[in-house]
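Me: I have a structure open here and would like to go through it piece by piece. Can you take my questions as they come?

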Amino acid sequence: MMQRFEATRALTRALDNANARARAAFDAIPLIRWILPLALGVVGALSPQWFDTRPTYALMVLITYLLLRTSTNVFGLAVLAAMLVYLPMEMDRFERGILFDIALYTMLGIGLNIVVGYAGLLDLGYVAFFASGAYIFALVVAPEAGGGWDIGASFWLMIPAAMALAAALGVALGLPVLRLRGDYLAIVTLGFGEIIRLMLNNRDDITNGPRGVYLIPKAHFFDKELTGPYELYFLVLAGVFIAAFAAERIRDSRVGRAWEAIREDEDAASAMGVNTTFYKLLAFAIGAAIGGGGGVIYAAKQTAIFPRDFDLDVSINVLALVIIGGMGNVRGVVLGAMLLIGLPEVLRDFSIEFAFIDLANIGADYRLVIFGAALVAIMVLRPEGLLPSRRRAAEFEQAEMLESELAT
Amino acid sequence: MTAERAYLELAEVVSGYGQIMAIKGVSLRVERGEIVALIGSNGAGKSTTLRTISGLLRPRSGEIWFEGRRIDRAPPHEIVARGVSHAPEGRAIFARMTVMDNLRLGAYRRSGAEVERDIEHVLTLFPRLRERGRQDGGTLSGGEQQMLAIARALMARPRILLLDEPSMGLAPVLVETIFRTVLEINREGTTILLVEQNAAIALQVAHRGYILESGAIALEASAAELRESDAVRRTYLGID
Amino acid sequence: MHGRNGRRWLPLSVAAALLALFAMVAVACGDDDDDGGGDQTPAATKPAGQTPAATQPSGGGDTITIKKGDKIKVGISTTLTTDNAQLGIPIRDGALLAIKQKGTIKDFEIEGIAEDDLCSGPGSVTAAQKLLSEDVVAVQGAMCSSGTVAALDTYAQENVLVISGSSTGVQVTDPPKANFLRTAWNDATQGAEMAKYACTTLAKKNAVLVNDQSVYGKGLMDVFKEAYTGAGCTVASEEAVTVGEKDFSPVVTKIKGENPDIVVFGGFIAEGAVLVRQLRDASVTADFMGADGIADAKFIEQAGGAAEGAYVSRGPTPAESTAYDKFAGEYEAEYGEKAGQFSEHAYDAMNVILAAIEASATVDADGNLVIDRQALIDAAHDVKLPDGASGPIEFNADGDRVIAAGTVNRIDQVKDGALERIQ
Amino acid sequence: MEQWIQLFIDGTTIGGVYAVIALGYTMVYGVLRMINFAHGELFMMGAFAGFYTLDAYQQHSGLNDSLPVFTIASAIVAGMITAVVLAVVMERIAYRPLRHAPRLAPLISAIGVSIFLRNVMLRVTNAEAQVYPRVFPRGAIEWGDVSVSYIRIFLLVLSVFFLVLLWLFIERTKMGMSIRAVAEDRDTAALMGVNVDRTIVMTFVVGAALAGAAGAVYGMFVTTATAGMGFIPGIKAFTAAVLGGIGSVPGAMAGGYFLGITESLSTKFIGAQYKDVVAFVLLVLVLIFRPWGIFGKREDKRA
């Protein structure tokens, strides 16, 4: 009996040690942080037998490398910007599609990060804002749906309009639930997300129901028709930069400090005279506006949207990429989006063949299995996210301390 | 340095939270049957010391010995099993459990009729708790909660009792009652390591004392000597 | 970090400016570089200000050249993950069977590439992008109507021929798309035929309609309702079930309360089988009717004995046909499993694609296979397969199937645990 | 009237399932303050284990026409064991290393586990619904238009039985007491000599056993198992747990039944396509007026 216990304990200890070592290795050894991504990039980019989607893969690895290596300096960002523009030219349609999705989800991630990362409000229904942006735009411009609301509104006009409406929705949804904290807020926002989707599905008279809104006209940039993900990619990229810029500016402003105070200790913040209601609503509104803007671009790219496009998975994906990237900073969101949105797609073409097992279809068949395991692995190895902001990292330490102190 | 270890011995213990080390090399000894007071101001590392002994914190370095065995790598429940019982700071009563359940939890590692006998015993030590037996822990007053915390710690039949700030937030009358009981517990054969901000009362009941400052032991002496020491009087007793 | 916050906007704005510059250049270049990766496909220049519906993709010099020794790649967009894969995998296999049987076209081998479209709009668009990047000649798919509607725009940009064996939604060909055909039956046809059969032939005058809130199920039931009430019958109530749920007791109770003559279901096997079983368990004796979404042995298997007596509409089919049996036998021989409910449609769709390639492809002087995309689409429109596994195949101008003379909307009834044709 | 009774019974049945699953959520939340998003997948795995057990019996010897009590019991036990083993493994690999991590990290890890399990089962089953052999005699107790099938009675009774069993376990056993203690204050529980790690594992074990058993019985009830079948009950049970006040065992039970009955009645009231809307609107309303849930404790500010 005793020996069995000893054995379990030894095993447990060994596992703990292995885990700690792996984590330490990831943190400490430049080989893993810098050299490995580069090596992977080179090998992956040159190895069609591993990945067909080589430019995307190379881009992902390179951006990862840059994100890990440089702090925000002009040179790094310039290289990044140049690559973000140049590499897509080398890409095929599929890779551009992936890139568009990564960029779009980065934008959504930045929006949600304001709510979750900055203000500390756990929102599992972010898709509501994304959906409302997309549907507002689609219903207004697509003549097929809703009996011709076609008022000839331009795509460009619709972006701010949809953002404003999404922000209003954010406030409307936020108001009743502000008293809720933590996980209660999470489930209520999840409920809101589902309510919005179900209403889109059920109110045939307004939204055309499950048949969706289709034949959404293309956006135009002067005379140029933005036909597909490639052209719209630049628009999303602009959206990402504007959102990122705005997000970082706000975070470092008085508003950001108020959010931080609320996140740390809402009661204390309130006692210090921070108008918590206002700032929480503000976080919802800004996050919603960014989500709504993303929705408009999504609808324009997709040309057909359905209630089912806006299910819980979207909210979960966005939340997961924010957390995996490392809450509270934009670089983390970019990295998270690449991993969460890019990886499953790039994995489609991943194949290994050796010995007696034919894994030629491993990517196509098992990509989501691999993906699930990867989520766990990343979290276990980097619980604070891959690129936590330094401020957040400090909080992490503190949280650990509080954890023991308060014995939660 | 002799190889012989004290009943409870801390040797160069460094411990804390995350990157912040609240104690930076604490060494102290408690002999069997003693009451030892650990005195220091807020943030000196007193609670951290106790939490490290009871295993809630794993020391970054240093050794902790109890009854001749190292305990600094053991998980808290094993340390309890070896006879170390800790009544933590702020009492930490299980508010949603009845007083009786709180006491039974104290005897978690034991079972049977002797637990009921022990309950009877601690209820004689703290008669106030008897009246409150069916009530939820959260409904007790501060003093009652402190009594419950000590009573609960006794339920483990400790050989050494770690008491963290038993006087905190209590009216002087209650403080006196509690310390009288502490003395009684000690007379029954339980060694006590007592952490207190209220140095005056701690040094009255203790045999020896340590002064902890910014995570290190500043002074060690018998309680009487400490009571007389100018430095201690100035800093911890207030000049009267 | 904190101290540098104030200066962060500088690099960011520099980067943004650079980005804007690059972007303008890139968009400008985009006209000539429509598909950077596709060396086989010279870009199609599109006229500016093209109508959004893009019903007339520019054809012209848009050709595919397959080098001697290379394979002709044909795409299959279907659902390979999520619960919908139980529909999607037999579709893939049906299409692959057609490719395997065909073997070669003009001595060029054919390769089928299947991509997962998740039965959703976004998934189908991603699959379309993937298939286009693989330089497929044509595509069988997408599986679900919503996916097809969303992905057709992407395909249209390259003027790629798309034939779906399973997208039955009315909106898929309304308005019609020049590059799209389907071997699946338009719900508009099927729903009306079902209604006629239920109201007139069976004389079931009072129906409860249940849909699965999908494009297919809701669309089909809408058509059904219109035709059914138009024929003088009444719809007692319309119910909905949620895909993925397994307990429909409340809906069943409600149906029981309506006491209808017939329960008509628009949806797929998983929900259909559960629904009919729970109806029977609650001793609802009304007839049960479904459409091609449940026309599958799996429906009967999953419903247990409860499927007995259920009516299943399968679309227009000639009175006598051995083609399906032949296909079903070959399918089972190949995969060791029974064909799925859209397998034969996918098989036919792929056969149309292959026939169209055969008809339109030419071998040039160097021995390369040259396929003109527009010619391929035109050829596909002209393909006639009198012996299609799902019945004779011929397309109208909209890309829907022509209902051949002498065919009736096939209705099966479950008898002794098997589908038996009764009309 | 009879229809209302029938709807009420329908709602109680599915509500019982929600309640049993919700217990796992709420208990794990209690001890770890973590939403175990993979809990619905344990339910699904339980359903599969039950299916494979029954299928094996059927392949091997065929199922008798009479009520095969032993067979049914072993299917349920198989469901429990499978879910328990998985829960212990997932706790060890995916959650324990994150005990002191930021609170959202285990959430994502759990989502990863959930995606992993769902897709593994999709591969294993080739995405096909697995059909349970019918082990329960068809037939029902009828009262006017109200009809309650035997399997439904079994499910109803079993869910209540499990709830009572769990209640006794939590309130009356030493292990239950340690779970309550750890839920309330992990460190102090350790100071009492409670082995916190073991208690947490035990919590997973108990929650998983309930989910696995529920999965197997539910599988017999709906007679199918699919890889995606855990998702909706998972979300609903989670909702039920919050509705009742997350962390509260009686709350999870009440929340489960409440949600099931509401859904069922609103099918008649408003329409089946709106039943989830009603459920979520109700949730929002309840939480607006009682932000800590029906049975939750309001002082729980840290949650």
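Reply: In β9(C), C:E239 is the bridge partner of C:V210. Keep in mind that this is a predicted model.

Me: How do β8(C) and β9 pair, and over how many bridges?
Reply: They pair in the parallel sense, over six bridges. β8 covers residues 206-211 of chain C and β9 covers residues 234-240.

Me: Is β8 of chain C mostly covered or mostly open?
Reply: Mostly covered: five of the six residues of β8 in chain C are buried.

Me: What about helix α7 of chain C, how many of its residues are buried?
Reply: Seven of the ten, so to speak of cover, α7(C) is mostly covered along residues 249-258.

Me: Which ones are they in α7(C)?
Reply: The buried residues of α7(C) are C:S249, C:P250, C:V251, C:V252, C:T253, C:K254 and C:I255.

Me: And what comes just after α7(C)?
Reply: C:N259, which takes a positive phi of about 50°.

Me: Next topic, sheets. In what order do the strands of the open sheet in chain C run?
Reply: The order is β1-β14-β13, three strands with antiparallel pairing. β1 (63-66) and β13 (362-363) of chain C stand at the edges with a single partner strand each, so one side of each has no neighbour in the sheet.

Me: How many bridges join β1(C) to β14?
Reply: Four, with β14 taking in residues 369-372 of chain C and the two strands running antiparallel. Within that pair, C:T63 stands opposite C:D372.

Me: Which residues do β15 and β16 of chain C cover, and how do they run?
Reply: β15 covers residues 407-415 and β16 covers residues 418-421; they run antiparallel and are joined by four bridges. C:D412 stands opposite C:R421 in β16(C).

Me: How many residues lie between the strands of that hairpin, β15(C) and β16(C)?
Reply: Two residues, and in this hairpin C:D416 takes a positive phi near 50°. C:D416 is a residue other than glycine, and its place is in the loop between β15 and β16 of chain C.

Me: Is C:D416 buried or exposed?
Reply: Exposed: the relative accessible area of C:D416 is 76%, and the cut-off for exposed is over 50%.

Me: Staying with chain B, which strand holds B:Y17?
Reply: B:Y17 lies in β1 of chain B, a strand of residues 8-17.

Me: Why does B:Y17 count as buried?
Reply: Because its relative accessibility is 8%, and buried means under 20%.

Me: What separates the C-alpha atoms of B:Y17 and B:R60?
Reply: A separation of 9.7 Å, with the two residues 43 residues apart along the chain.

Me: Back to chain C. Which residues does the cis peptide bond with omega of about -10° join?
Reply: That cis bond joins C:G141 and C:A142. C:A142 is found in the loop between β5 (138-140) and α4 (145-157) of chain C.

Me: And which residues are joined by the cis bond with omega of about 0°?
Reply: C:D174 and C:P175. The loop that holds C:P175 is between β6 (161-164) and β7 (180-182) of chain C.

Me: Now chain D as a whole. How many helices and strands are there?
Reply: Chain D has eleven helices and four strands. Its radius of gyration is 19 Å, close to the 19 Å the globule rule gives for 303 residues, so chain D is as compact as a globular protein of that length.

Me: What does the C-alpha trace of chain D span along its principal axes?
Reply: About 55 × 45 × 35 Å.

Me: What share of the residues of chain D count as buried?
Reply: Of its 303 residues, 71% count as buried. As for contacts in chain D with a separation of 6 or more, 77% are between residues 24 or more positions apart.

Me: And what does the accessible surface of chain D come to?
Reply: About 9900 Å², with 67% of that belonging to carbon and sulfur atoms.

Me: Last one: how far apart are the mean positions of the positive and negative charges of chain D?
Reply: They are 7 Å apart, for 23 positive and 18 negative charges.

Terms used: Residues are numbered from 1 along each chain as its sequence is written. Chains are lettered from A and ligands numbered from 1 in the order in which they are written. This is a predicted model: local features need pLDDT of at least 70, side-chain atom pairs count only at pLDDT 80 or more; totals for chains, interfaces and linings use all residues. Side-chain values use heavy atoms; hydrogens and water are left out. The radius of gyration is taken over C-alpha atoms; the globule rule is 2.2 Å times the number of residues to the power 0.38. Buried means under 20% relative accessible area, exposed over 50%, partly exposed in between (1.4 Å probe, protein chains only). Contact means heavy atoms within 4.5 Å. Accessible areas come from the Shrake-Rupley method with a 1.4 Å probe; for residues, only the protein chains shown count as cover. Lys and Arg count as positive and Asp and Glu as negative; His and the chain ends are not counted. The place of a charge is taken as NZ of Lys, CZ of Arg, CG of Asp or CD of Glu. Two strands pair if DSSP finds at least two bridges between them.
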